[in-house]
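Reader: Please walk me through this model, one feature at a time.
Author: Gladly. Have the sequence and the structure open.

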Amino acid sequence: AVNAGTLLLPIWQQGRQALGLSVPLALLGFMALAGPQAIATSSRIALPALPAATLAFSSPLLVALYTAITAGGVNPGYYVPQEAVEAVSWLGAHAGSTDVVLASERFGNLVPAGCACRVVIGQQFQSFDLATRRREVLGFYAAPSHAIARSRLRAIMAREHITFYVISPLEREMGRAPLGAMPGFALRYHTRETGIYGRIRPHG
């Protein structure tokens, strides 16, 4: 029951830690089912009550804790809007290993889970000179005008050869400029609050 709850409840990265704590429960179950028995007394070897209770209750308590964190939105760095998750799934189905995605760092952290493409900023091992990348990405999404956003995008593209850029609720938190479609890009994916713009490839 604990393992099912860990897998199905709306927990994100911390769920992996809860899954790890399900291992002691499996060991306790093994000891209960396969522990040595004394033939005469039918007694079993058992853990003392306090360690057994600690192991048995640690996993469900952790699941309850992280579920409460998820429901309360206490840690937005881990829990992201469903639209962002769906956009990552779309990228996984439409982008390849040669594509480069420009998005916020939080969105970029999700992309490798569903796409073989590269991100401008996200997973730190993919983000060289992280401080500079952060300034560039923030400069684009927080640009005060469409014209300035175009200029900043060209500067990033000169190095990164971007093929997709994302505007989701995570990017809207960084600024309110009406970015829309930049020159050379067209809207490829759209939901209520999320758009993914892909580079227009020349024919032939």
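**Reading the fold, one feature at a time**

Reader: Where does S168 lie, and how is that read?
Author: Elements come from DSSP runs: helices are H or I of at least four residues, strands are E of at least two, numbered from the N terminus. S168 lies in the loop between β3 and α9 (169–172). This is a predicted model, in which local features need pLDDT of at least 70, side-chain atom pairs count only at pLDDT 80 or more, and totals for chains, interfaces and linings use all residues. Residues are numbered from 1 along each chain as its sequence is written, and side-chain values use heavy atoms, with hydrogens and water left out.

Reader: Is S168 buried or exposed?
Author: Buried means under 20% relative accessible area, exposed over 50%, partly exposed in between (1.4 Å probe, protein chains only). S168 counts as buried because its relative accessibility is 0%.

Reader: What does S168 touch?
Author: Contact means heavy atoms within 4.5 Å. Leaving out residues up to four places away in sequence, S168 touches F107, E193 and T194. A polar contact is a pair of N or O atoms within 3.5 Å; within protein, one must be able to donate a hydrogen and the other to accept it, and residues adjacent in sequence count only if both atoms are side-chain atoms. The S168 side chain makes one with the side chain of E171, at 2.4 Å.

Reader: How much confidence does the chain carry?
Author: pLDDT is the predictor's confidence in each residue, from 0 to 100. The chain mean is 76, and 58% of its residues reach 70 or more. Where pLDDT is low, the predicted coordinates should not be read in detail.

Reader: How many helices and strands does the chain have?
Author: The chain has 9 helices and 5 strands. From the N terminus on, they run α-α-α-α-α-β-α-β-α-α-β-α-β-β.

Reader: Which residues touch the most other members of the largest nonpolar core?
Author: A nonpolar core is a set of buried Ala, Val, Leu, Ile, Met, Phe, Trp, Tyr and Cys residues joined through side-chain atoms within 4.5 Å. The largest one here has 40 residues, and L91, L102, F107, F140 and Y165 touch the most other members. Elements giving two or more residues to this core include α5 (82–94), β1 (100–102), α7 (130–141) and β3 (164–167). α5 gives the most, with 5 residues.

Reader: Which residues of α5 are buried?
Author: They are E83, A84, A87, V88, W90 and L91. They lie on the same side of α5, because they cover an arc of only 160° around the axis (taken from the directions from the helix axis to the C-beta atoms). That buried side packs against β1, α6, β3, α9, β4 and β5. The face turned away carries the exposed residues Q82 and A93.

Reader: And how is the length of α7 checked?
Author: The expected span of a helix is 1.5 Å times one less than its number of residues. α7 has 12 residues and reaches 17 Å from its first C-alpha to its last, close to the 16 Å expected.

Reader: Where is E136 found, and what does it touch?
Author: E136 is found in helix α7. With a relative accessible area of 23%, E136 is partly exposed. Beyond residues up to four places away in sequence, E136 touches I156 and R159.
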